[in-house]
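Please look over the sequence and the structure shown below before reading the notes that come after them. The notes are grouped by topic, so that each can be read beside the structure.

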Amino acid sequence: MQPNSHVSPPGSLPSSPMVASTMRLPKTRQSLSEGLPLSQSEISLPYRRSHPSAASLYASTLSPPGSRSQSPVGRPVSRMASGSIFGANSNNALALAAGAADTPGDPLNLILRAFVPHVAVYSSEDTDILLREKGFERGLWEMLRPFGERVPGKVSIRDSNGSSRTYEDYSIHFVRFGEGIVHPEPMTAGLRSPQMPRANGVSEKPDDAGRGPPKPGNIIANVEAVVDRHLDYAEESFFGSPPSPTDHTLNVDAPSPYYALYLRRLLSGLPLTPHETFAHPVACIIAISSRNQAPIETLRRLYTESSTGDKRLPNWVDAEFLRYYVLVHDEEKDDITRSMSLFDQMKRNLGLHCHLLRIRGTQSATTDDDSIPLPRSEWMSAAEELADIRRSDNEEDFEDPTRYIFESDATAVRTFIREMVTQSIIPTMERHVSVWNDQVASRRRGLAGKFVGLTRRWGFGGSSRSTISGPSSGSNYDSLGFYRQDAPEAIMRKLADYCFMLRDWKLAYSTYDLLRSDFSNDKAWRYYAATNEMAAISLLIMPQNLSAKSRVETIDAAFEAAFYSYLTRCSAPYGALRCLTLGMELLRLRGGSSVDDAAKWGVRLLESKITGAVGDALIKERLAVCYASKQGLGTHLWGGRRRKSALWSVLGAEAWLARSKYLQAQRCLNEARRAYADLPGGLAVIDRFGHAGAFMLGIGQRLNRHLEAVDQHHLNQRRRHDDDDDDDDDDDDDEDDEDDEDGDGGGAATAAKSDGVDEESEALGGRGRRISALGMPGAIGLGLETAPLRSQLGPSGEGRLDTGEAKDDFG
């Protein structure tokens, strides 16, 4: 695609009166700290700033809409695969994965960081008390979670062929033991009520709001609500502050912060389900503190509770995960000699998977010399973030959720996590992959394995358990809707997920491919959908070329099977949305003719009506970016998709305008005008289509009217605020005049000063916000500081008013 540094042609559209009157605003700094939701129904509400302590809740999207990357290295280099626009292209997935860490919001980076090992945390009561004294109300898990999202240093992983690869962006997710369990639906109706017991007979306990098991029907709604609140906050802050120049272009290489947030929350808080094992614990941290009076007995009790006691996981979760024992030592109150002796005893009785974590027992404050802020977790669930945002709105004394930690404690935690990951978790996973691949998966490959599959399919041999409706008598699929943990299908699914988490995508794909026929024969449709989804994703990340025929026979077939099974057979819209969203992004990254396939699945997603209003607008934005990333050939960029990109930008602007998200709407509309202007015929291309031109003009006019109304609303609020301040100042001056013999001179000076302030407010109030210039179809300049278009100025340079009607040169 050609650069966007395009100068407006002489024949551009005349703008509205608002545009002509706003092009002389001085440049001032923009603040994104606080503000008011901007839905049209709330414009008449009293002006109210968001709680100042709530600013940290929106830190992930504080950059202005459309702003460039904040990375110190500048704009990221495009990672789009190059090649022919009509055929297959070369794609080095390893290079793509290696470069994903440079852009945190990149979709491939989010995929690599979402499907990672999950480590459960199960601590004793004394450990929770110690951590609460440090300011972590939810215990050790709350302190560890942010550090696990980026394992320090290099992590070496061996694949199934024995070759070792090193990664610097590896991560793990810490979860609380026993949380997030979503039970399967039985194969026959009426076997399980909504408030069902756990599969092992132990009833569920209620948990904190926003942190219990996610309801499948609420996940998408929570994600949409979180992104909507971030958008409201950004628009409120923008209109509640002086205007400033902002880059309002669609970035092909880096997604908008709101789409990145949408995708991250969609992949956050993966539920613990039987049909995929990404959220199943790879390891469990069993922790006690140095205050414990019976440490060894407590460790054994915690192990028993997590294995066979009341807190054990359902029987479709493999209970043979790694136990990692941690002794938390209080440096300020406890004896280090006693803790060292206890730690040696732990290693003798429990093995080498132990660690002594030395931290200070007091809470860190901002005034401490060695305190550092602990960042909020990027991978919290949408329900958890939404609960925090609502609490900030409802509580007048809401405190900033940012926690502080001593730098020495942070160093100790980083060392602990790196040691646990590199010396215990990764080697354990590699060993499991090797054993499962040799003992289970290898038997299914080749002619003998196919013969066994055929005999099982027709009911000869295999398990003697029978199922109710559908599967054959030789199936291992339980009537309650899951495979037991020791079934070959469950072991192979775990093998494939382990390979994916270890980034051995070749073995992962081959294992997923083996399982698809088994799940289809057993009519385990949720397993079948999830396996097709991950098979397609693994194949797209693999470093190999894919022809158009291969994509149709493998990728398209897998996505079609997954989408149909998720949506029609299982009524699981979350899985369908995740499947097509990830597929669209990975196909786009491959470039070439894969871009058209990516757009096809994006359109399919919109047609399914799975998303809400926010998701619908974001997907339309991504379709515009998708088509814009299609590289053409020659000086005219033949084979590109610029007109389709402009069309989806217009549709995105319409969707945002319907949601009263005016900044996003004007950004999309401005990008559409720029895309049309970059065509060989310039803006004359759109002149041939009268209805399209009138449609764009109508969106621009509606957008300017809304922007003017919002600007006027905020201006009136500021004027009332200034008048209240002036009244207070006048009262103070009157009290001073009673005791001042020369009060007349002082009063005149005060009045003159007040008049000057009022005149300045009138001068600023007489002009609309300059940002609204980009909302009209005729404004296609580089930024907010662009000079007025020549077609908008008369011979003397004065702005000419526009009636707002459609002109002949635009249809």
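The model described here is predicted. Its protein chain has 24 helices and 9 strands, and of its 811 residues, 54% are buried. Among the contacts in the protein chain with a separation of 6 or more, 78% are between residues 24 or more positions apart.

- Two packed helices are described by the angle between their axes and the distance between the axes.
- Helix H16 covers residues 548-569, helix H17 covers residues 573-590, and helix H18 covers residues 594-608.

*H16 with H17*

- The axes of H16 and H17 come within 7 Å and cross at roughly 160°, and because angles over 145 degrees count as roughly antiparallel, H16 is roughly antiparallel to H17.
- The crossing of H16 with H17 is left-handed.
- On the H16 side, the contact is made by Arg551, Ile555, Phe559, Ala562, Phe563, Tyr566 and Leu567, while H17 contributes Pro573, Gly575, Ala576, Arg578, Cys579, Leu580, Gly583 and Leu587.
- Sorted by class, the residues in this contact of H16 with H17 are 11 nonpolar, 2 polar and 2 charged.

*H17 with H18*

- H17 and H18 pack at an angle of about 160°, and their axes are 7 Å apart, which makes H17 roughly antiparallel to H18.
- H17 and H18 cross in a left-handed way.
- In this contact, H17 supplies Leu577, Leu580, Thr581, Met584, Leu587, Arg588 and Arg590, and H18 supplies Ser594, Val595, Asp597, Ala598, Trp601, Gly602, Arg604 and Leu605.
- The contact of H17 with H18 holds 8 nonpolar, 3 polar and 4 charged residues.

*H16 with H18*

- Between H16 and H18 the packing angle is about 15°, with the axes 12 Å apart, and because angles under 35 degrees count as roughly parallel, H16 is roughly parallel to H18.
- The crossing of H16 and H18 is right-handed.
- The residues that make this contact are Arg551, Asp556, Phe559, Glu560, Phe563 and Leu567 of H16, together with Ser594, Asp597, Lys600, Trp601, Arg604 and Ser608 of H18.
- By class, the contact of H16 with H18 divides into 4 nonpolar, 2 polar and 6 charged residues.

**A covered helix: H3**

- Helix H3, which runs over residues 107-114, is mostly covered, with 8 of its 8 residues buried.
- The buried residues of H3 are Pro107, Leu108, Asn109, Leu110, Ile111, Leu112, Arg113 and Ala114.
- At the start of H3, Asp106 has a side-chain oxygen that reaches to within 3.0 Å of the backbone nitrogen of Leu108.

**Two residues with a positive phi**

- Most residues other than glycine have a negative phi.
- Arg503, although it is a residue other than glycine, has a positive phi near 65°, and its place is in the loop between helix H13 (488-501) and helix H14 (505-522).
- Because burial means under 20% relative accessible area, Arg503, at 7% relative accessibility, counts as buried.
- Lys523, which is not a glycine either, has a positive phi of about 60°, and it is found in the loop between H14 and helix H15 (525-541).
- At 42% relative accessibility, Lys523 counts as partly exposed.

**Arg264 and its contacts**

- Arg264 has its place in helix H7, residues 257-267, and with a relative accessibility of 9% it counts as buried.
- Leaving aside residues up to four places away in sequence, Arg264 touches Ser60, Leu110, Glu378 and Trp379.
- Arg264 and Trp379 are 115 residues apart along the chain, and their C-alpha atoms are separated by 7.0 Å.
- Leu110, one of the residues touched by Arg264, is also among the buried residues of H3.

**Ser307 and its contacts**

- Ser307 lies in helix H8, which covers residues 295-307.
- The side chain of Ser307 makes a polar contact with the side chain of Arg323, at 2.8 Å.
- Not counting residues up to four places away in sequence, Ser307 touches Arg312 and Arg323.

Terms used: Residues are numbered from 1 along each chain as its sequence is written. This is a predicted model: local features need pLDDT of at least 70, side-chain atom pairs count only at pLDDT 80 or more; totals for chains, interfaces and linings use all residues. Side-chain values use heavy atoms; hydrogens and water are left out. Buried means under 20% relative accessible area, exposed over 50%, partly exposed in between (1.4 Å probe, protein chains only). Helices (H or I, at least four residues) and strands (E, at least two) are DSSP runs, numbered from the N terminus. A polar contact is a pair of N or O atoms within 3.5 Å; within protein, one must be able to donate a hydrogen and the other to accept it, and residues adjacent in sequence count only if both atoms are side-chain atoms. Axes are lines fitted to C-alpha atoms, for helices over the stretch in contact, and angles run from 0 to 180 degrees between N-to-C directions. Angles under 35 degrees count as roughly parallel, over 145 as roughly antiparallel, 65 to 115 as roughly perpendicular and the rest as oblique. A crossing is left-handed if the near helix is turned anticlockwise from the far one by less than a right angle, and right-handed if clockwise. Contact means heavy atoms within 4.5 Å. Ala, Val, Leu, Ile, Met, Phe, Trp, Tyr, Cys and Pro count as nonpolar, Asp, Glu, Lys and Arg as charged, and the others, Gly among them, as polar.
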